[in-house]
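Q: I'm new to this one. Can you walk me through it?

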Amino acid sequence: MAAFFGRRTSSGNLVVQSPNGSTLWQSFGNPTDKYLPGMKIGINYRTRAGERLVSWNGPGDPSPGSFSFGGDPDTALQLFIWNQSRPYWRSPVWTGNPIPSQLMVNGTTTVIYLSAVDADDEIYLSFGISDRSTGPRARGTC
């Protein structure tokens, strides 16, 4: 019987590895309801598949809820929040221009850097938090 190992990185990414160390699965590639720094939300140009965050059904019920967030495969340059299959909110269309490090400041302690990346095979949105921030961090144990 093969043994598999799970480890949580400092970013909050849960990685399942085989005994030889190769990655079999990771939570950042299979998002659920959390959007953590370093995670990508985007669309693959070839397959038109994309990541989507899905809300919980309720505070104590982690089954899928009505709301989801992610890119729309038909309009890859826009992010949406859906209420079931109906658009509830959408971002402005990304024009393709580089996004300079966009800063969102919450008080004086948290700095969030937002990035849109248009790579050869995918387009995605990601964010990071400055090292000196005391803001959101991944919590939990493996």
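Predicted model: local features only at pLDDT ≥ 70, side-chain atom pairs only at ≥ 80, totals over all residues.

Q: Okay, core first. Which residues make up the largest nonpolar core?
A: That core has 9 residues. They are Ile41, Leu53, Phe69, Leu79, Ile112, Leu114, Leu125, Phe127 and Ile129.

Q: Which strand gives the largest share of this core?
A: Strand β11 does, with 3 residues. Both β10 (110-118) and β11 supply at least two residues each.

Q: Why would such residues sit together?
A: In soluble globular proteins, nonpolar side chains tend to be buried together.

Q: Pick one core member. What does Ile41 touch?
A: Leaving aside residues up to four places away in sequence, Ile41 touches Tyr35, Glu51, Leu53, Phe69, Gly70, Gly71, Ile123, Tyr124 and Leu125.

Q: Leu53 is in that list. What stands opposite Leu53?
A: Phe69 in β6 does.

Q: And how do β5 and β6 pair?
A: They pair in the antiparallel sense, over 5 bridges. A hairpin of 2 residues joins β5 to β6.

Q: Switching to rings. How many aromatic pairs are there?
A: A search of the whole structure finds 4. One of them is Tyr35 with Phe127. Their ring centres are 5.0 Å apart and the planes meet at 65°. Edge-to-face needs an angle over 60 degrees, so this pair is edge-to-face.

Q: Where do those two sit in the chain?
A: Tyr35 lies in the loop between β3 (23-26) and β4. Phe127 is in strand β11 (residues 122-129).

Q: Is Phe127 buried or exposed?
A: Phe127 counts as buried, because its relative accessibility is 15% and the limit is under 20%. Tyr35 is partly exposed, with a relative accessible area of 23%.

Q: Which residues do ring pairs link into a cluster?
A: Tyr35, Phe69 and Phe127. Phe69 and Phe127 also belong to the largest nonpolar core.

Q: What about the pair of Phe67 and Tyr88?
A: The centres of Phe67 and Tyr88 are 5.2 Å apart, with the planes at 80°, so this pair is edge-to-face. Phe67 is in strand β6 (residues 61-72) and Tyr88 in strand β8, 21 residues apart.

Q: How accessible are they?
A: Phe67 is partly exposed, at 33% relative accessible area. Tyr88 counts as exposed, at 58%.

Q: New topic: charges. What does the charged end of Lys40 sit over?
A: The ring of Tyr124, at 4.6 Å from the ring centre.

Q: And what does Arg52 lie over?
A: The face of Trp82. Arg52 is 3.6 Å from that ring centre.

Q: Last topic: backbone. What is the phi of Arg48?
A: About 65°. That is positive, although Arg48 is not a glycine. Arg48 lies in the loop between β4 (41-44) and β5 (52-58). It is partly exposed, with a relative accessible area of 34%.

Q: And what is the phi of Gln84?
A: Phi of Gln84 is near 60°, again a positive value in a residue other than glycine.

Q: Where does Gln84 lie?
A: In the loop between β7 (75-83) and β8 (86-90).

Q: Buried or exposed, this Gln84?
A: Gln84 is exposed, because its relative accessible area is 53% and exposed means over 50%.

Definitions and conventions: Residues numbered from 1 in each chain as written. Heavy atoms only, no water. Helix = DSSP H or I, 4+ residues; strand = E, 2+ residues; numbered from the N terminus. Buried < 20%, exposed > 50% of the residue type's maximum accessible area, 1.4 Å probe, protein only. Phe/Tyr/Trp six-rings, centres within 6.5 Å; stacked < 30°, edge-to-face > 60°. Lys NZ or Arg CZ within 6 Å of the ring centre and 35° of its normal. Core = buried A, V, L, I, M, F, W, Y, C linked by side-chain atoms within 4.5 Å. Contact = heavy atoms within 4.5 Å. Pairing = 2+ DSSP bridges.
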